[in-house]
Amino acid sequence: MKKSIVFAGLLTGACQALGLAMEKLDAGKDVFVSSLPLCAAAGAIWAVCTALFLTGALAAGRRLLPERLEYDPQRALSKRRFAGIWALLFAAWVPCWLAYFPAIYSYDGEPQLIQYTTGAFDNHHPILHTLLMGGCYDLGRFLQERWGIGPDGMAFYAAIQMLVLSFSFACGISFLYHCRLKRGLLIAAICWFALFPVHPLMAVTTTKDTLFAAFFLLAFLGAARAVLRGGIATFVEGAKLFFCALGMMLFRKNGVYLTAGLCAVLLPVWAVLRLKKRSESRFFFGLFLGSALCVLTFFGCDAGLTALTGARQGEAAEALSIPIQQLARTFKSNQNGLQPEELEALCAYIPQKGLENYRPAISDGVKLYFNNGKFSEDPAGFFRIWLHLLKKYPGSYGTAFLYHTMGSWYLMDTSHCTVYRDWWRDRTGYFITDAVPVFAGDFVKKTPLLPAAMQFYEKIATDCVHQRFLPARILFSPAFFCFGTAFACLALLLRRRWRLLIPSLAALLYLATVVAGPCILVRYVYPFMVLLPFLAVFALWGQGGSSMDAARQR
């Protein structure tokens, strides 16, 4: 464990020094050169502080956590206690709901409702989520037009989402109770879910990321329960895991990528265990088959929803954020050095207006002009010009990647608060709590019922008051949760907690999709905020293992 702490400290220090240096480079080369000693000193301080923090966390984990990581199916919360925790979490978010009543209508909510009302569906957004939002919207209109009663339809959506998310958190508390955690730690976990401001804000926001995070957590818990017990005990338990994973994929396609990635890992693991004639090979093969079947079921459901709604396919640019950013930065930094034939090949896929629209932290400005038709006709041509310019300008490619992903590894980064500034939404803040009418329509009629509560949440969401205090700034930073996920998986690997790596690997694979996405936003890293208590418990537990380990030892 000492090696992992040292590595984590050095990695954190290097990232923070690099991030500070890149901030100075953005301010000017002279400032960059004069600030290099300061950056090196800051990196050393971050490395020491990270190592001390992890050492303290490990010591606390050994003192507070049970000696052995074990899931006890006989130790269960009563239905009354489970319902009480569920109700408590829901009730803790009600002030935020009333503050932004009927819901926080922002991010992709507006284009999704436009799709629903016009019938012009696009599977870039999860169709099931669009239909759910549209159904709630229609319900509100029906009640108001037929009987003149009922709130705006998004109030029904927010209530459903709050129930699902609080249920998933209650299941998480139940899982920790099964693992014999002490009462104080259980209370701390409940307080984290009830009081950390991002949870109520996400619970009442019309974004697909909330329901995705809820199903992600449920699938994570199901997989962790299975590996700790040495298998799936009943058909019902297996069915729950299957449908939770399916729900995760239906509410965000990142779930498909991480499940497919798990299949790619589980298959060779099963093959190795089979060659060694290990009894647990059957469990891993079953987990692989279940994951593969879940992916196939998703494609069947997605095809059915696409046919039902007549949705058109999403554009290829959505999966090319980093290559597009690299090409755009290369153009802006080396425009005079490009040959006419290079510029022609580049502009065939990204017109010059799009290349000039480059913003370091978000790819949407360039993707807006991406020629998806040309890419569909000749994808090889795109990658040829990409490889050609990579060989010629590797520095521009590396710089574009670092600036684009800075929010996932630089703890002091604030790009997640400014990605929309001076652009199509022209909005800054930690969390977008209002929908500027970008496209068309006025779908949601906001009637705040608790102005005082709204002022409290706006201090965080819009004014970013937490950034004035270093501990709070770190706690709210997306990079903190990305680092926490990566470090937890590293700790499990170095401590040889092989089976717990299976559910934790899903979080690591999702992290890869976030880094490769259009930008780093709070809502994209929200699943890591949800998984934090469980990954921390897995990483800090003094002893590891499962019933499979115990059986082999006997």
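Colleague: Which residues does Gln325 touch, not counting residues up to four places away in sequence?

Modeller: Gln325 touches Tyr358, Arg359, Pro360, Ala361, Ile362, Ser363, Val366, Ala400 and His404, where contact means heavy atoms within 4.5 Å. This is a predicted model, in which local features need pLDDT of at least 70 and side-chain atom pairs count only at pLDDT 80 or more, while totals for chains, interfaces and linings use all residues. Residues are numbered from 1 along each chain as its sequence is written, and side-chain values use heavy atoms, with hydrogens and water left out.

Colleague: What makes Gln325 count as buried?

Modeller: Buried means under 20% relative accessible area, whereas exposed means over 50% and partly exposed lies in between (1.4 Å probe, protein chains only); Gln325 has 0% relative accessibility and therefore counts as buried. Gln325 lies in helix α13, residues 321-334, a helix being a DSSP run of H or I with at least four residues, a strand a run of E with at least two, and both being numbered from the N terminus.

Colleague: How do you know that the side chain of Gln325 reaches the backbone oxygen of Pro360?

Modeller: The distance is 3.4 Å, and a polar contact is a pair of N or O atoms within 3.5 Å, of which, within protein, one must be able to donate a hydrogen and the other to accept it, residues adjacent in sequence counting only if both atoms are side-chain atoms. A polar atom of the Gln325 side chain also lies 3.3 Å from the backbone oxygen of Ile362.

Colleague: How many aromatic pairs does a search of the whole structure find, and why is the pair of Trp192 and Phe196 called stacked?

Modeller: The search finds 40 aromatic pairs. Rings of Phe, Tyr and Trp (its six-membered ring) pair if their centres lie within 6.5 Å, and planes under 30 degrees apart count as stacked, over 60 as edge-to-face and the rest as tilted. The centres of Trp192 and Phe196 are 4.3 Å apart with planes at 15°, so the pair is stacked.

Colleague: Why is the pair of Phe216 and Tyr510 called edge-to-face?

Modeller: Phe216 and Tyr510 are 5.9 Å apart centre to centre, with 80° between the planes, and the pair is edge-to-face. Phe216 lies in helix α9 (residues 208-229) and Tyr510 in helix α24 (residues 501-515), so the pair ties together parts 294 residues apart in sequence. Both Phe216 and Tyr510 are buried.

Colleague: What makes up the secondary structure of the protein chain?

Modeller: It comes to 26 helices and 0 strands.
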